[in-house]
Amino acid sequence: MGEKPVTSGLSCSFMGVSWTGFLIYRRSDWGLTGSSTGIDNFKQDKVMAPHDLRRPFKRAAISDQQRRRELSLQRQAQNRRDAQHQARCLAQTILSLQNDTAEPHPEFEIAAQAEEHAQDFDVRQAARLKGAEARRWFAKQLMLPEWMIDVPDRLNTDWYVCARPAGKRCFVVSSNGQRLVGYAMAPDQTYYVIDMVCWGGMSLYECTAEFRFFWVNSKLVETGASNDPSTYHRYRFKTVVIYNCDPGGLKAAYTEPVPYVKDGLLFYNKHAHYQSGNTPLVLVWKDENCSQYVLDTDGKGQIPDQQQVVLELLDDGRLATSDDPPVIFGCLDKDFIQKTGLQASTLLRFAINEGGLCFADGKLEKADLQYLGKPNRARAFADSYSKVMFQYTVRHSPLRIEHLFASVNSLSEEENTCDTDMVG
Amino acid sequence: MAMEVTQVLLSAQAVDSTVRKHAEETLKQFQEQNLPGFLLSLSGELANEEKPVESRKLAGLILKNALDAKEQHRKFELVQRWLSLDAAVKSQIKACLLQTLSSTASDARSTASQVIAKVAGIELPQKQWPELIGSLLSNVHQVPPHVKQATLETLGYLCEEVVPDVVDQDQVNKILTAVVQGMSSTEGNTEVQLAATRALYNALGFAQANFSNDMERDYIMRVVCEATLSPEVKIRQAAFECLVSIGSTYYEKLAPYIQDIFHITSKAVREDEEPVALQAIEFWSSICDEEIDILEEYGGDFTADSDVPCYYFIKQALPALVPMLLETLLKQEEDQDQDEGAWNLAMAGGTCLGLVARTVGDDIVPLVMPFIEENITKPDWRQREAATYAFGPSPDKLTPIVNVALNFMLTALTKDPNSHVKDTTAWTLGRIFEFLHGSTVETPIITPANCQQIITVLLQSMKDAPNVAEKACGALYFLAQGYEDVGSTSPLTPYFQEIVQSLLYVTHREDAGESRLRTAAYETLNEVVRCSTDETARLVLELVQVIMTELHNTLEAQRLSSDEREKQNELQGLLCGCLQVIIQKLGASDPTKYAFMQYADQIMNLFLRVFACRSATVHEEAMLAIGALAYVTGPNFAKYMPDFYKYLEMGLQNFEEYQVCAVTVGVVGDICRALEDKILPYCDQIMTLLLKDLSSNQLHRSVKPPIFSCFGDIALAIGENFEKYLMYAMPMLQSAAELSAHTAGADDEMIEYTNILRNGILEAYSGIFQGFKNSPKTQLLISYAPHILQFLDSMDDVVMKTAIGVLGDLADTLGSNAGSLIQQSLSSKDFLNECLSSEDHLIKESAEWARLAISRAISV
């Protein structure tokens, strides 16, 4: 017998599902007149007749329907790859950031090579992909400004100011390692970049804000990322104009028109390194002139009569802010917790009743809270103390722009005097 | 046990339907109540020379259908049923069958032949009925020619039914001896010769050993060649069929005979009756098929390892073969272009010429060129048509003359008095555009200078007779396709509106149902849309409304005859197909996607009405279009689910039209990605149906791998909610994975399928791991990890990228739980390193991911 398996015989296929014979017979009707039920089946038959040898003539090799099917399959496969790729990108970023501190396992240490093509995605997409965990993790990477309750010292010399864009705060990560912090403007697919923590494999975490801002401006222009979106990069990146917080800079940030919707002012301490979580070295402030959203709204977009706060329930029933260490606003009693079945570390929404907040020696002593329920699922953290306080002061005795100008002006004067002294 | 069935069998063929139905019912009852008795009665009827031939024939047929069925699961049941019958009953039936071969009624003999083959098909693989072949062979030596004829016919059917392995070489030798003797000229009876020649056709697959033996092969070849010269046309035809089969089955043994075969075939092509001449041409077509396959596989680079060397038979025969084929081109039938089923010498010769061109490339040019030059301007339309057709097989090789001929053809397309010439001219233009136009062509035939003229001529030709207009649409299809990757500015933009209007006009022609003109027009419209740029996005958007209106109109038609309904159904398919292309086009960029969204509700509503038109099954085209729509609408698709869901179910249950089922499975994936966790309420039912599909023997195997991928899509969409399906899905994946590991001895087709299957399994695992990421329920997956790691071990290069991704997903999701498993697995490390050093960018990217995830899993 020959060595080669016979290719022309019947070939059995997987799971016994399909047999492919290579002989094709014409089916012919065996003369039974039309009938129903069982006999119908008897009509199928073949006779030993010449084999049909017609081949396609003047026909395209592939039908358009087949093409539609194939293109459709290609699209589906691409969509599936994209979905899985995004899931991995997200995880990859988390892992590589975690690995920044951890020693890679020696056995698996192989030099990673930077990928050339950029695949950007932001927290919104990340959150769509993988629940609260990822959202929380990403949010934790952000340096979160505290709210300005008091004017900090040396505002005019040690601080920058800029008009804060309205929009969602994002941590933009490209797969080749660029990590930017900015505000996303959905309608025109533009990111207004404020900060940058990693560029071309170089970490900027340890750099001062002054350096980071310089870097943001020069690098974004260099790479063409600020050009209009195209197939190759889906988003446009623009920088935000940052001023020294002197009287002129503060006035410009407060009054000058900007290409985006303004939502308050952001103040950056020039010497601060990038630090994730709440920090008093970045501050946010707003009033009706520079923001449409001074007072917080509720889920329906209405401003509630009473101020609302979101606090985290601790193991022992205490209600904490997101600060580290947390500020305690009160304590839920055991019965209530048991009755409602609330679990530790869930976020809860409260209204501040008429009793308001009471302070002693500049510290919160007592809060008159009323339980409302659970906040929106998208919430990752409890409110910070400064946020609650800012909202509280806005409702009672707001910190006005005049106070800021006064501070900047007086500080300028002080400085001038100082300078004079030294020269003198 | 037997019963008198003659009258019932005759009644079952009565003209009166009441009588007939009653008889059928009786037969059915008898079969259900007493199967052995029923089968015995039928075999007795078939064998009984005193019974009318009509009842004997039907008895045999029913018997045959009790042994075999088209559907695989039914066939399997029937086989089991026969095997479990009482041995005595079976041997009595078989005795009756063999006895019938000696009947004087030819219908009875022929029926018995087929039934015997069916029984053999069941029993021989089980090593039962060992005496069958022996007793058949003893018949061959009997004197009455009709017994000999029936026996040879039986041997032919038998060879078709069983695989060669189940017959001993000794018996094969005897069968072949009997068959070849029956064919030889010493056999006086032509019926016997014909039966023997046809039997050889089926027995050729058994003759591996005999074809390796020079003497035996010489003998077989001599007898076959002699039979091609038989005075009986049917014998000549059957003998050429044998030659065609030998050409593809024993290509590598052909060298000593090819010269003789050439003489025989060219004589037949030039002189014999058409059925014979067609087979003679087919011989060369199938040799082309063989050589194209060999050359594609080895790229002309033959080594000692090559299974089959290329003997370049076509190249050697070229100087004589091409003129012979060119001659056939002149033997056109007057109206072959209007006849869908036509197949004649000119068509077979033209097709073969195309295959020859593919086999030998440039070498054909000097042989074809003079023919074109000599004939293309001749007054006889046959000569002009043949010369024009001769461009078709290899326009890319004829570049110099094509450039000259283009203007001539553009004129001929509208001015030639003969419709046949115009038809071929339009087709040839399409071939020219397919090969000599497009971004990859160095000097494209279509230039800014002639583009407008070409379009004008094609649009004008689209008003010609349906067959001509259809070919003109085809030419326009390839013209558009050539501008596929033209960038942001297309030369077609200025003509876009006019082209679309002309195509729509064609679809409304009263005779658009002829020559598949309407289909061609819509297909061309699709390609024009696919290849359009942003410049014409607004016009494509306007087209949405036009096509929606058309579709709406088909839905308003009332009280249709079944013929009209079929046409309406076909038209709906074309319109849904067109909408699908438009949706996919507009969905590809954000601005057009948002502009399109305004129509989403209306379109979905129309698709649902299309589904409602058909009672039993959903429309594949509408389903494909809905997949594209789900992608475009994203989470908004949720609002269509309550109405759409039942059709999704119907699609998933459509085993018969497996394409519909496959398309529906793909759409489930689209919907998963669009709805994400909002698909959860539907998942119980969807998963149930998918699991049923997987375990069905009826469903075409090609649908199964996509179902696995779909598991992954669902898991990724619903995350840890997939928990409750794990206990069903995981064992399915596991057993499929085990099956796919056994590929030893598989052929190419099987290996390809196995890789598709593996890819589906891997995509399922990826989706499941990614879906469970960060869930407290990941520990549910841990017990599956060892098996999955083992599965990853056995991967082919083709699925490497997906496989290394799964390794990463596993490590990422299971974290430290998987760390030690992976560390223990030496092959995982090798696999990772292999992927990391891959040349393929995508494999490397996935490998980087896996490396990171693994190092994390190990370090924790």
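Predicted model: local features only at pLDDT ≥ 70, side-chain atom pairs only at ≥ 80, totals over all residues.
# Chatting through a two-chain model

Visitor: Which strand does E3(A) pair with, and in what sense?

Guide: E3(A) pairs with strand E12 (residues 277-285) of chain A, in the parallel sense, over 5 bridges. Within that pairing, Pro145(A) has Thr279(A) in E12(A) as its bridge partner.

Visitor: What about the open sheet in chain A, what's its strand order?

Guide: The order is E15-E14-E13-E16-E17, 5 strands with antiparallel pairing. E15 (328-331) and E17 (363-373) of chain A are at the edges with a single partner strand each, so one side of each has no neighbour in the sheet. From one strand to the next, the twist averages 45 degrees.

Visitor: How many bridges hold E13 and E16 of chain A together?

Guide: There are 5 bridges between E13 (residues 308-313) and E16 (residues 347-360) of chain A, in the antiparallel sense. One residue to look at there is Val309(A), which stands opposite Phe350(A) in E16(A).

Visitor: Which strands does helix H9 of chain A lie across?

Guide: H9 (residues 385-396) lies across E13, E15, E16 and E17 of chain A. Relative to E16(A), the helix runs at about 65 degrees.

Visitor: Switching to confidence: what's the mean pLDDT of chain A?

Guide: The mean is 68, and 60% of the residues in chain A reach 70 or more.

Visitor: OK, cores. Which residues touch the most other members of the largest nonpolar one?

Guide: Out of its 313 residues, those are Trp284(B), Val356(B), Phe433(B), Phe644(B), Phe711(B), Ile714(B) and Phe722(B). Helix H16 (residues 274-298) of chain B gives the largest share of this core, 11 residues.

Visitor: And what does Phe433(B) touch?

Guide: Leaving out residues up to four places away in sequence, Phe433(B) touches Leu406(B), Ile445(B), Ile446(B), Ile454(B), Leu458(B), Ala475(B), Phe478(B) and Leu479(B). There's also a second, separate core of 36 residues, which includes Leu155(A), Tyr192(A), Val240(A) and Phe267(A).

Visitor: How many salt bridges turn up over all chains?

Guide: A search of the whole structure finds 57. One of them joins Glu327(B) to Arg270(B), with the closest N and O atoms 3.0 Å apart. That pair links distant parts of the chain, 57 residues apart: Glu327(B) sits in helix H17 (residues 313-329) and Arg270(B) in helix H15 (residues 258-271) of chain B.

Visitor: Arg673(B) and Asp713(B): buried or exposed?

Guide: Both are buried. They form a salt bridge with the closest N and O atoms 3.2 Å apart. Arg673(B) is in helix H33 (residues 658-675) and Asp713(B) in helix H35 (residues 704-718) of chain B, so the pair ties together parts 40 residues apart in sequence.

Visitor: Which residues are joined into one network by salt bridges that share partners?

Guide: Asp64(A), Arg67(A), Arg68(A), Glu484(B), Glu527(B), Arg530(B) and Glu621(B) are joined that way.

Definitions and conventions:
Residues numbered from 1 in each chain as written. Chains lettered and ligands numbered in written order. Heavy atoms only, no water. Pairing = 2+ DSSP bridges. Helix = DSSP H or I, 4+ residues; strand = E, 2+ residues; numbered from the N terminus. Axes fitted to C-alpha atoms, helices over the stretch in contact; angles between N-to-C directions. Contact = heavy atoms within 4.5 Å. pLDDT = per-residue confidence, 0-100. Core = buried A, V, L, I, M, F, W, Y, C linked by side-chain atoms within 4.5 Å. Buried < 20%, exposed > 50% of the residue type's maximum accessible area, 1.4 Å probe, protein only. Salt bridge = Lys/Arg side-chain N within 4 Å of Asp/Glu carboxyl O.
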